[in-house]
Amino acid sequence: MEKIIQISHLSKSFGEVKAVQDLSFCVKKGELFAFLGLNGAGKSTTISIMCGQLQKDGGRVEINGKNIDENALEIKRELGVVFQNSVMDKALSVYDNLKTRAALYNLTGKAFEERLQTLAELFDLKEILKRPLGKLSGGQCRRVDVVRALLHKPSILILDEPTTGLDPQTRKTVWGIIDNLRKEENLTVFLTTHYMEEAADADYVIILDSGKIAAQGTPLELKNEYSGDFITLYNIAEEKVQALQKSYEKIKDGYRIAVANTAEATALVVQNPDLFTDYEITKGKMDDVFLAATGKKLTGGEV
Amino acid sequence: MKVVGALIKRNVKCYFKDKAMFITSLITPIILLTLYAVFLYDVYKDSFTMSIPQDLVYDEKLLDGLVGGLLLSSLLAVSTITVSFCANLYMVQDKATKARNDFVIAPVKPYKLAFGYFLATALNGLIISLVATVLGCAYLSFKGWYLSVADVALLLLDVLLLVLLGTSLSSLICYPLTTQGQLSAVGTVISAGYGFICGAYMPLSQYGTGLRNVLTCLPGTYGTSLLRNHALQGVLEEMSAQNFPAEAIEAMKATADCSLEFFGHNVEIWQMYLVLVGAILLFTGLYVLLNYLDAKRLTKAKKVK
């Protein structure tokens, strides 16, 4: 697959704080790419450099084959950005906000009205177009933010923690629409998040820690490398689990045993068929991967 | 041009829809109107009456027209500057609320953003000041109208120049500001202080020589004096025609700051225009220079890497 973003040896410091340190990675066209990390890991700094909001201290950023140092304006046309918090004008209507932003990309008149019509239908905005942005709910506001980012048909959609603070239903709706756009318009999505379930759905994940890459790969590769498998046993006495001589944790309705990999899990089941009557084997979760890769829990703080 | 047009439209709409910002910018004109309504009107009228010989018979409307002209010129002197300043604070607010990020990520050259703020500020200042001019003229026609068409045209020219002065000066001052705290501080200082230093609340003639000399170093002072000259010229000519003594008229002109002295030298009307235009060009030039240097610094930083 063609590489649409290529970043090599990127670095950025704010005084003594090294926000991004020698970061190198690439993103393939059409994939959902996730940056996973705690606050201050360097996710937003990297995005700000890609969008031309911040100057890098060193390294190279290429988007769609163009160097950001030489073609910043052209690159900006390729990007649609959804910020962590809405930065549009709360006093103005949704329509006025979108019209102003579209004009920045020379999208005006009939072309703007047509594009707005399409996106308003897709994101169910028709009823709220004339309402002031400040009067909208968090979910409605977020949908407007995504529409603003997509107005000029970018080839890359950058989502900087887009679903933070949203209720699960709205989060699901937003992701449903973005997934459709990816399929229909071959949109590349660059996501930063600290939601594990969002990262688990990505095609490729980079875990950032203190401005450096702590781990990278597909969710499956990461799980295989950084987390073993788990066998969950139900309807069993604790003494029988202890007899297996494996580390385990008590969970609701059963016990969770950690094993190195699926082969070990299978061997354990085959050796103890009487115990394994009600059980399931699962891969580790992204939480486990993150913990293993960084030594930190995503909810914050070191373990 | 479409981009700058869209930015101007957005900035103007935001200013008029942001009630807090809009009202803040009108605080100084409101204070001024209150002062006149409470006591300044009577104080000036009594003061002018005292300079007129007691045996002179004259129409009371002349004095009302004179004090009304004083009010109109003071109102325009403050509103042109404070409205421009507060309207331009939107530039700072955009940085503080990160709304500017939404423009920076778009393929828009920085100078277009700067133009958008500058022209929108000038437009906001002009809209409010022209409304104030119309209302002031309506008030004057009720109290005593002595303005010629030329006087009105010159008043409008003064308003335009003062709005441009307010826009260029505020652009320069607001350019490095980035936080809500700085924004509030500048807004408060300008709203509270400008009425005094431009001679709108009280004419400079009432201040001591030292302070008057300091204030004549500020270009806004000459704007106030120009407005005074053009708002009062008609009524003073009518007084002259009605045989008011020349000394009395000169005394009134001096009291109303129609004639200004710069460290002992009388300043002519054309010199006042020269100061205003020069200040506008200087402040605008410095604002452009700041933007240019910033853009150059960014380009240089990219080349070094």
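B:Asp94 is buried in this predicted model, with a relative accessible area of 1%. The side chain of B:Asp94 meets that of B:Arg10 in a salt bridge, at 2.6 Å from N to O. This pair links distant parts of chain B: B:Asp94 belongs to helix α4 (residues 60-96), B:Arg10 belongs to helix α1 (residues 2-17), and 84 residues separate them. B:Arg10 is likewise buried, with a relative accessible area of 1%. Both residues take part in a network in which salt bridges that share partners join A:Asp89, A:Arg101, A:Arg148, B:Arg10, B:Asp94 and B:Asp102.

Two further members of that network, B:Asp102 and A:Arg101, form a salt bridge whose closest N and O atoms are 2.8 Å apart. B:Asp102 lies in helix α5 (residues 99-104) of chain B, whereas A:Arg101 lies in helix α3 (residues 94-103) of chain A, and the pair therefore joins two chains. The relative accessible area of B:Asp102 is 1%, so this residue is buried. A:Arg101 is buried as well, at 0%.

Another salt bridge is found within chain A, between A:Asp288 and A:Arg256, where the closest N and O atoms are 3.9 Å apart. Here too the pair links distant parts of the chain: A:Asp288 is in helix α11 (residues 286-294), A:Arg256 is in strand β13 (residues 254-259), and the two are 32 residues apart. A:Arg256, with a relative accessible area of 18%, is buried. Over all chains, the count comes to 24 salt bridges.

Chain A also contains an open sheet of four strands, arranged in the order β2-β1-β4-β5 with antiparallel pairing. Its edge strands are β2 (17-28) and β5 (66-67), each of which pairs on one side only. Strand β1 (residues 3-14) of chain A pairs with β2(A) in the antiparallel sense over eight bridges. For A:Lys3, the bridge partner in β2(A) is A:Lys28. Helix α1 (residues 43-50) of chain A lies across β1, β2 and β4 (58-63) of chain A, and this helix runs at about 115° to β1(A).

Conventions: Residues numbered from 1 in each chain as written. Chains lettered and ligands numbered in written order. Predicted model: local features only at pLDDT ≥ 70, side-chain atom pairs only at ≥ 80, totals over all residues. Heavy atoms only, no water. Salt bridge = Lys/Arg side-chain N within 4 Å of Asp/Glu carboxyl O. Buried < 20%, exposed > 50% of the residue type's maximum accessible area, 1.4 Å probe, protein only. Pairing = 2+ DSSP bridges. Contact = heavy atoms within 4.5 Å. Axes fitted to C-alpha atoms, helices over the stretch in contact; angles between N-to-C directions.
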